[in-house]
Amino acid sequence: MQVIRVSRFGGPEVLEPIQLPTPEPTEGELRIAVTAAGVGWLDALIRRGDGPDVFEVEPPYVPGGAVAGTVEAVGAGVDETWLGKPVISSAKGGYGGGYADKVIALPDSTFPIPAGLDSQHALALLDDGSTALALLEKTPVLAGERILVAPGVGGLGSLLVQLARAAGATVIAAVRGGEKAAIARKLGAEPVDYSGADWTGEVLELTGGERLDVVFDGVGGELGAASLALLGNGGRFSGYGMSSGAETVIGDADRARLTIVDMAQLAGFWPDAPRRVREVLRLAADGSLAPVIGRTYPLAEASAAHSDIEGRRYTGKTLLVVP
């Protein structure tokens with residue numbers, strides 16, 4: 001089988017296509033013939049050696065985890081009705097194993113794709129959709145509240161925008177460039193280009209000078225710090241990512257005036273992830289939620305996908321596809 005392996009931490013060039021023996025599913029396992037694999041900022045951070053401690057790995061390893069495909073083999077004790085089903089799943093064993101054309105998975109982390117739902121759209125919901133739903137369950141938004149989503153049109157951010165809009169919130173999406181601003185408007189959000197020198201001033205212009213009720217921060221670093229100042233007293237801050245390479249630093253004064261949840265919340269989402277995956281698949285199947293698919297790359301070009309992610313040359317969810 002073909003996989004993409006990281007033999008050492010470094011730049012995108014360390015992502016190397018190699019051939020490995022195809023594994024056989026053992027008791028309680030199934031094997032998926034992969035058609036697409038998810039790619040994200042977390043993969044790039046881990047590849048550089050900068051990933052969060054909870055995702056600690058050591059080279060050599062195969063990046064990723066989320067895949068879409070068809071079940072082609074099952075081990076002992078696995079219901080054979082899985083065979084031939086189009087599914088989304090995560091490679092067995094926690095982080096790693098997804099950048100491959102064959103993946104071993106467990107039935108409990110495998111979900112049939114609803115009829116009529118595109119497999120790539122379903123894949124885009126597996127991690128990002130369930131996480132977006134979990135973030136809003138942990139930090140609910142109310143009708144009429146003013147919220148900021150940063151970044152606003154990435155794989156996860158675009159889903160957060162839609163879910164928050166459905167709850168009746170006024171959503172401001174932090175983006176870079178005109179293309180992403182247009183996508184944000186299409187999703188029902190007001191875009192602000194956070195590469196501008198006075199982007200926070202633009203946010204306050206949009207709110208008529210009123211401070212925000214909620215910030216969802218997937219960037220961290222300087223942007224996260226600036227967004228804290230946009231929150232009114234009693235506001236809520238939800239940190240879920242660090243695409244800048246650093247988490248948002250939160251001081252005692254902000255902790256005293258705000259409700260803060262940081263990236264440590266993510267580990268608590270995992271036990272109930274199956275329920276949330278089924279819910280976002282249902283929402284997508286009935287047309288209530290539409291993931292934004294950006295660029296797709298052949299599996300062998302994973303290094304190009306990482307380069308574009310790090311260069312912020314992407315919108316929505318980035319995928320690797322297997323011919």
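How many nonpolar, polar and charged residues are there in the lining of the largest cavity? The structure is a predicted model, and the lining of its largest cavity has, by class, eight nonpolar, five polar and three charged residues.

**Overall form**

The protein has 11 helices and 15 strands. Its radius of gyration is 20 Å, close to the 20 Å that the globule rule gives for 323 residues, so the protein is as compact as a globular protein of that length.

Rolling a probe the size of a water molecule over the atoms shows where empty space is left. When the whole structure is searched, one cavity of 30 Å³ or more is found. The largest cavity holds about 140 Å³ of space, and among the 16 residues that line this cavity, those nearest its centre are P151, G154, K180, Y194 and Y314.

The second largest pocket holds about 160 Å³ of space, and it is lined by 13 residues, of which M1, A91, G97, K102 and I104 are the closest to its centre. Strand β6 (residues 102-105) supplies three residues, which is the largest share of the lining of this pocket. By class, the lining of the second largest pocket comprises nine nonpolar, two polar and two charged residues.

**Two helix pairs**

Two packed helices are described by the angle between their axes and the distance between the axes. The table gives these values for two pairs in the model.

| Helix pair | Angle between axes | Distance between axes |
|---|---|---|
| α3 (residues 128-138) and α10 (residues 273-285) | roughly 110° | within 8 Å |
| α1 (residues 41-48) and α11 (residues 302-310) | about 100° | 10 Å |

The crossing of roughly 110° makes α3 roughly perpendicular to α10. In this contact, G129, S130, L133, A134 and E137 of α3 meet A273, R275, R276, V277, E279 and V280 of α10, and the residues involved divide into five nonpolar, two polar and four charged.

With an angle of about 100°, α1 and α11 are therefore also described as roughly perpendicular to each other. Here W41, D43, A44, R47 and R48 of α1 make the contact with H306, I309 and E310 of α11, and by class this contact has three nonpolar, one polar and four charged residues.

Conventions. Residues numbered from 1 in each chain as written. Predicted model: local features only at pLDDT ≥ 70, side-chain atom pairs only at ≥ 80, totals over all residues. Heavy atoms only, no water. 1 Å grid on protein atoms, 1.4 Å probe; cavity = no way out; pocket = protein on both sides within 12 Å on 5 of 7 lines; lining within 4 Å. Points joined across faces, edges and corners; volume = space filled by probe spheres on them. Helix = DSSP H or I, 4+ residues; strand = E, 2+ residues; numbered from the N terminus. Nonpolar A, V, L, I, M, F, W, Y, C, P; charged D, E, K, R; others polar. Axes fitted to C-alpha atoms, helices over the stretch in contact; angles between N-to-C directions. Parallel < 35°, antiparallel > 145°, perpendicular 65-115°, else oblique. Contact = heavy atoms within 4.5 Å. Rg over C-alpha atoms; globule rule 2.2 N^0.38 Å.
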